[in-house]
Amino acid sequence: MIRHESNRIDPKRRATIDYKKKQFAAPIYKLQIYPHRLNTYHIPPTVEIKLEEFEEWAINRLHILAELENCSFRNKTPAETLDQVKPLLDKWLRLDSNSSSAQGSTDARLQEQRRKDHYSHFILRLAFSSTEDLRRRFTRAEGALFRLRFQLETASERQDFVASLDLDWEAVSELEKRSLAQDLINATLGVKKTDIDDGGWFKVDFETVPELVEARRVFVKRGKAFVPTKEQMSIVLGDFHDRLDKGMELTARALPRLDEDDRLSPILEHLSKSFATPDSTLADSDTLLPGAAINASSIDTLSRHFPLCMRNLHMALRKNSHLKYFGRFQYTLFLKGLGLSMEDCLTFWRQSFRLITDETFNKEYRYNIRHAYGDVGGDAIRRGRGYSPLSCQKILTEHPPGSGESHGCPYRHFSVENLTTLLQTTGVSDREILRGVKEDVEKKRYHIACNRVFEWAHKSEIRQVKEMGTWRTTDLDTIVHPNTYFKRSYLLKATLADEVGLDKEVTMEL
């Protein structure tokens, strides 16, 4: 006789399941309340958002993380990093304190700011969980952002936030503090007897504050680190990293399920690629150079302001009187971004292709140039006025050059020997700079190498505009577009040499 289990459902009868045992029978999606502007991101968002918001918020946050990583790579001090990132935070990811509103944390404006911050973090967490390298870089950048915001927070709101974390630490009693007073003074950097008497101290497992132990800034006894209140940030930051590391591991495991949604996969892939160099678009105002004569005959003179990718294309064009398709496409869009008219662009290319006849040029090349400007082609091309100039991110990731081609990014697509030779040909002779560029290229920090060369070539001009105070901090942020490189170089030189007949106080509008 076959024995049936009592909980087995008879296939001939209607299954009756206890509603209490139904998992996710009635999922509830509720709007979260954010009492603090700081966030450890341990609770994922649940409310639906638009697909446009999904991409826009992630890109805004990516601007901040990329700039923080750039500051780290360029060895900027905490003060310099703050000066560089604070304007970008206000622009892309603003978070106001509770005291900025009479309604406090319940203000709708504050809640919307914090909702954007919350969602953008988890969107990028999805994008950067695919590989170990991306997870490590994302965790490091998010930790830097959290540290920066923690330092900017007011004392009262910072304490309220820390109290809400329910951290695993134990307050040191007055009796224990007095008995260990001399050890605390000897082992803790910068602590005086008055700090022992008046300040608060906490005991935590020494593994939670590795940076304090490494720097010998805390007293350790029986596995416990005695941390003064002023070093509280290290404990909070350690807790933030622990939560984020665990969250990234869980996200990496769940990531394969997203392949079923063809709406999100392309966006997430684009975001992960953009972490190498943030994608950038060129506004119409970025092509405006007051008083500059940009025409077919002035390109040779202006080429000294070109980034290395465009200098290489220009030199190859002058040497061979020809460029292959992707080289022409990349260079044409760059010239278009400078403000060169279509008629002047056609003249420039016809004069450059001096080894062919007019008939051959009109038959094989003229249409492509007009198409890039949106003069011919489909309705969408004409309405959009052609193609936009390629950003560094697109040049780095799309259409790598083959044999006999000159397009692409020299910092990525050239060997170190050929790159060094090209830099020396364009006037970069400083050994320290060349060594720094080599290190950046080996670590795949291509845009950092380009910015390093730019800062070396314009060091006197950058120093002077900073002293004059005529340029904002954001006017000197990391360059991620070839046309931005040109405009900034041109205006820096014009500021000092008065090349365009302007006053000394030339300001940027990038």
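Tutor: In strand β4, V227 is the bridge partner of F202. Before going further, note that this is a predicted model, in which local features need pLDDT of at least 70, side-chain atom pairs count only at pLDDT 80 or more, and totals for chains, interfaces and linings use all residues. Residues are numbered from 1 along each chain as its sequence is written, and side-chain values use heavy atoms, with hydrogens and water left out.

Student: What makes β2 and β4 a pair of strands?

Tutor: Strands are DSSP runs of E with at least two residues, helices are runs of H or I with at least four, and both are numbered from the N terminus. Two strands pair if DSSP finds at least two bridges between them. Strand β2 (residues 201-205) and strand β4 (residues 224-228) are joined by five bridges in the antiparallel sense, so they count as a pair.

Student: Why are β1 and β3 called edge strands?

Tutor: The open sheet has four strands in the order β1-β2-β4-β3, with antiparallel pairing. Its edge strands are β1 and β3 (219-221), each of which pairs on one side only. Strands of a sheet pair through backbone hydrogen bonds, either parallel or antiparallel.

Student: Why is the ring pair of F128 and F138 called tilted?

Tutor: Rings of Phe, Tyr and Trp (its six-membered ring) pair if their centres lie within 6.5 Å, and planes under 30 degrees apart count as stacked, over 60 as edge-to-face and the rest as tilted. By this rule the count comes to 24 aromatic pairs. The centres of F128 and F138 are 5.6 Å apart and their planes stand at 50°, so this pair is tilted. The pair links distant parts of the chain, with F128 in the loop between α3 (108-127) and α4 (132-152), and F138 in helix α4, ten residues apart.

Student: How do you know that F128 is buried?

Tutor: Buried means under 20% relative accessible area, exposed means over 50%, and partly exposed lies in between (1.4 Å probe, protein chains only). F128 has a relative accessible area of 0%, so F128 is buried, and F138, also with 0%, is buried too.

Student: What makes the pair of Y331 and F348 edge-to-face?

Tutor: Y331 and F348 lie 6.0 Å apart, centre to centre, with 75° between the planes, and they form an edge-to-face pair. Y331 belongs to helix α14 (residues 325-338) and F348 to helix α15 (residues 342-352), 17 residues apart. Y331 is buried with a relative accessible area of 0%, and F348 counts as buried at 1%.

Student: How do you know that the charged end of R158 sits over the ring of F150?

Tutor: A charge sits over a ring if NZ of Lys or CZ of Arg is within 6 Å of the ring centre and within 35 degrees of the ring normal. The charged end of R158 is 5.3 Å from the centre of the F150 ring and sits over that ring. K336 likewise lies over the face of Y373, at 5.7 Å from the ring centre.
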